[in-house]
Amino acid sequence: MTNLKSIDAFNEAKELIPGGVNSPVRAFSSVGGIPRFIEEADGAYIKDIDGNKYVDYVQSWGPLIFGHRDEDIENAVIDAVKHGLSFGAPTQIETALAHEVTDIFDSVEKVRFVSSGTEAVMSAIRLARGFTGRDDIVKFEGCYHGHSDSLLVQAGSGLATFGNPSSPGVPADFTKHTLLAIYNSIESVKKCFENSKDIACVIIEPIAGNMGLVPADKEFLHELRDLCTKNGALLIFDEVMSGFRATLRGAESITGVTPDLVTLGKVIGGGMPVGAFGGKKEIMASLSPEGPVYQAGTLSGNPIAMTAGYTALTKLKKNSNIYKILEDRATRLVNGMKDAACENGIDMVVDVRGSMFGFFFSKNGVKNFEDAAKADHKLFALFHAAMLDAGFYFACSGYETGFISTRTTDQMIEDTIEASKKVFKAIK
Ligand code: KE4
């Protein structure tokens with residue numbers, strides 16, 4: 001497998017685009033090597049500009065649950081394009097997608113569409129602050145909610161205290177209202193509520209996918225719900241990644257915990273740029289133009305993106321049996337790779353939630369970011385490079401999550417496991 005064209009393309013891109021990419025993780029910085037420049041994709045495969053074909057377990061970081069070039073989504077988009085790309089005026093397809101989201105998510109009575117997950121989370125935080133009249137927010141170490149300023153924060157003097165910026169360009173003032181807690185630790189959240197009586201919301205990925213796949217304990221989420229209710233803070237489930245991926249009706253349907261607001265993205269756009277945030281009518285009523293909390297976007301509710309999302313969600317509703325099928329396939333994949341690792345003396349822990357899968361090269365289970373950081377990420381980099389050369393495209397970071405699509409066949413799963421046997425033998 002050669003990647004000479006990707007090398008040239010990457011060098012050319014780096015002349016004009018910072019790091020040669022439009023989103024940092026794509027640069028392969030944490031695994032090394034050259035990012036593959038993709039020419040086209042179809043079904044479960046992507047093909048790079050050197051003509052190498054890969055089974056795709058990234059699927060654009062989650063959106064493509066029906067694989068690349070799903071016929072229904074593609075045809076719907078092609079038809080929609082013939083009516084115009086964008087109007088900056090209301091269209092009925094926005095209402096149609098809103099109907100699907102509110103029908104699927106019991107906690108969502110009203111929804112606002114935006115163009116990215118970052119925008120959805122940033123807007124939901126502002127709404128929570130406007131609705132409660134409070135300024136402070138709580139997030140969890142290891143959860144990623146996009147790149148809005150108040151969420152680019154790292155632990156300050158200690159956890160459960162106010163955070164410091166995790167990126168230059170974010171003034172300390174912009175993170176002094178953000179408290180950091182430890183995932184799956186209700187004690188750390190209680191400490192946050194002791195340290196601040198001005199908490200507007202707690203935001204969490206109920207099924208975390210940005211420190212690797214680390215689902216929150218059900219009991220913890222119930223305690224978190226009770227704590228927020230008791231303290232008058234809103235609970236926000238960030239399901240930009242897990243939404244429509246772990247199950248159809250969201251983490252609330254698995255855990256029995258009802259959030260006050262939900263943020264969505266990825267699958268909801270069917271591969272096109274869509275984010276969304278929604279919740280109870282009384283909270284959403286605070287949003288402009290109905291209420292005073294301002295939020296806007298030129299391409300929010302773009303009719304082509306709405307069409308792709310609507311086609312994806314209606315297809316998911318008609319085929320909700322796929323989650324069990326995809327979960328079984330994902331389970332076979334990670335268990336097969338774990339057996340292969342074990343045969344070569346490599347410690348590996350795995351997890352699956354619907355079509356999402358994750359693994360760490362670690363002897364111990366992973367319950368929070370500290371645990372995730374203790375895994376062997378150097379070994380992950382070797383695994384990633386070797387599997388890529390074998391034709392299997394995994395997320396280029398040990399802190400990401402993998403995805404199975406409806407086009408990922410049993411044979412592909414078996415082939416991946418077989419390839420991993422050779423790889424583990426080579427890298428142990
Ligand atoms: P976007 O702004 O990238 O659409 O969404 C931000 C976001 C918000 N919330 C959660 C739970 C997310 O996972 C994300 C984005 N996920 C990353 C993957 N880890 C996107 C990949 C990237 O940054 O390029």
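Trainee: What separates the centres of domain 1 and domain 2 in this model?

Mentor: Their centres, taken over C-alpha atoms, sit 25 Å apart. Keep in mind that this is a predicted model. The domain assignment gives 4-69 + 321-427 as domain 1 and 71-318 as domain 2.

Trainee: How do you know that domain 1 and domain 2 are in contact?

Mentor: Contact means heavy atoms within 4.5 Å. By that rule, 30 residues of domain 1 are in contact with 31 residues of domain 2.

Trainee: What area do the two domains bury between them, and which residues of domain 1 lose the most?

Mentor: About 2500 Å² is buried between domain 1 and domain 2, with 60% of it on carbon and sulfur atoms. On the domain 1 side, Phe-66, Tyr-323 and Lys-367 lose the most area to domain 2, and together they make up 25% of what that side buries.

Trainee: Why is the pair Lys-367 and Asp-217 called a salt bridge?

Mentor: The closest N and O atoms of Lys-367 and Asp-217 are 2.5 Å apart. The cut-off is 4 Å between a side-chain nitrogen of Lys or Arg and a carboxyl oxygen of Asp or Glu, so the pair qualifies. Between domain 1 and domain 2 the count is two salt bridges, and 14 residue pairs are in polar contact.

Trainee: Which domains does the shell around the ligand draw on?

Mentor: At least three residues come from each of domain 1 and domain 2. By class, the shell has five nonpolar, seven polar and four charged residues.

Notes: Residues are numbered from 1 along each chain as its sequence is written. This is a predicted model: local features need pLDDT of at least 70, side-chain atom pairs count only at pLDDT 80 or more; totals for chains, interfaces and linings use all residues. Side-chain values use heavy atoms; hydrogens and water are left out. Ala, Val, Leu, Ile, Met, Phe, Trp, Tyr, Cys and Pro count as nonpolar, Asp, Glu, Lys and Arg as charged, and the others, Gly among them, as polar. Domain bounds come from an automatic or database domain assignment. Buried area is the accessible area (1.4 Å probe) that two parts lose on being put together, summed over both. A polar contact is a pair of N or O atoms within 3.5 Å; within protein, one must be able to donate a hydrogen and the other to accept it, and residues adjacent in sequence count only if both atoms are side-chain atoms.
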